[in-house]
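Okay, thanks everyone, let's get going.

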Amino acid sequence: MGLYLPRIRLAVASYVSDEGNGLLDGLLAYWAGNEASGDLLDLHSDGRTVTEQTAIGAATGKVYATAREFNTAESDWFTRDDATLESLEAFTLALWEYPYAYSGVPGQYRSLVGNCQSSMWGKGFMTFHSWNGELLLTISNGGGAEQFLQWHCGVDPTENQWHSLIFWHDPNADVGGVQHNDNDPVTEAHDGGIGGASTRDFCIGRYSSSHDQHYFDGLLGPIAIWNRVLSAAERASWY
């Protein structure tokens with residue numbers, strides 16, 4: 001794959017280039033995750049910094065020199081109360097991860113990013129790994145099982161390796177999707193949508209602000225989120 005540089009020009013990072021691939025369009029936040037500690041800073045112009053809830057350190061990264069290191073035993077996570085991030089209908093979420101372990105740690109799931117309510121039927125979205133590593137995407141409008149997509153994507157990223165993950169929800173096409181690295185994307189139909197704001201904060205590394213299990217164990221960063229569905233070419237630009 002060669003040297004990877006994020007292809008988004010950010011407000012405070014002139015070393016990141018814009019190659020005219022459209023990744024700035026609809027971008028809500030870009031968290032590089034290259035801080036040694038402290039809050040997760042948004043390098044995009046809107047400044048959606050995500051607040052550190054525990055002392056989260058860093059280790060060797062993939063895109064940058066370092067990435068943020070989540071320790072399940074210490075219940076590491078970030079959160080932000082943000083009306084825009086909690087009201088997404090169409091969205092794309094892209095991130096790099098280095099999972100340490102899926103099983104043998106507290107909670108059944110290894111949460112990545114989302115805004116889902118504490119109930120599994122709660123309104124919002126969530127991305128996470130199951131106990132065996134399989135990726136899951138949750139999309140729910142809070143209307144019960146018939147409006148709920150908890151989709152086992154059939155993608156199992158290997159522990160202790162770097163992976164690019166891109167998730168999306170397209171309410172116009174009634175579909176959720178995920179792409180692992182540069183592999184073919186996989187999608188699943190879902191016609192319930194989300195249909196309004198979640199009542200839970202936007203979270204990274206934990207299921208929700210009121211659900212005290214299911215923490216991520218490993219490295220995350222960078223992370224980006226858009227208020228639209230990226231095209232195949234744009235997804236390729238991220239990887």
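F202 is buried, with 0% relative accessibility, and by buried I mean under 20% relative accessible area, with exposed being over 50% and partly exposed in between, using a 1.4 Å probe and protein chains only. W31 is buried as well, also at 0%. Before I go on, this is a predicted model, so local features need pLDDT of at least 70 and side-chain atom pairs count only at pLDDT 80 or more, while totals for chains, interfaces and linings use all residues. Residues are numbered from 1 along each chain as its sequence is written, and side-chain values use heavy atoms, with hydrogens and water left out.

Now the rings. Rings of Phe, Tyr and Trp (its six-membered ring) pair if their centres lie within 6.5 Å; planes under 30 degrees apart are stacked, over 60 edge-to-face, and the rest tilted. How many aromatic pairs does that rule give? The count is 10. In one of them, W31 and F202 have ring centres 5.6 Å apart and planes at 25°, so they're stacked. W31 is in strand β1 (residues 27–31) and F202 in strand β14 (residues 202–204), so this pair ties together parts 171 residues apart in sequence. Strands here are DSSP runs of E, at least two residues, and helices are runs of H or I, at least four, numbered from the N terminus.

Then there's Y109 with F128, an edge-to-face pair at 4.9 Å centre to centre and 65° between the planes. Y109 comes from the loop between β6 (91–99) and β7 (110–114), F128 from strand β8 (residues 124–129), and they're 19 residues apart. Y109 counts as buried at 15%, and F128 does too, at 1%. Ring pairs also join Y30, W226 and W238 into a cluster.

Next, the histidine. H163 is in strand β11 (residues 163–170) and is buried at 3%. What does its side chain reach? A polar atom there lies 2.7 Å from the backbone oxygen of T158. A polar contact means N or O atoms within 3.5 Å, one able to donate a hydrogen and the other to accept it within protein, and residues adjacent in sequence count only if both atoms are side-chain atoms. Leaving aside neighbours within four places in sequence, H163 is in contact (heavy atoms within 4.5 Å) with residues including W96, E97 and H180.

Last stop, E159. This one is in the loop between β10 (148–152) and β11. Buried or partly exposed? E159 is partly exposed, at 32%. The E159 side chain reaches the backbone nitrogen of Y102 at 3.0 Å.
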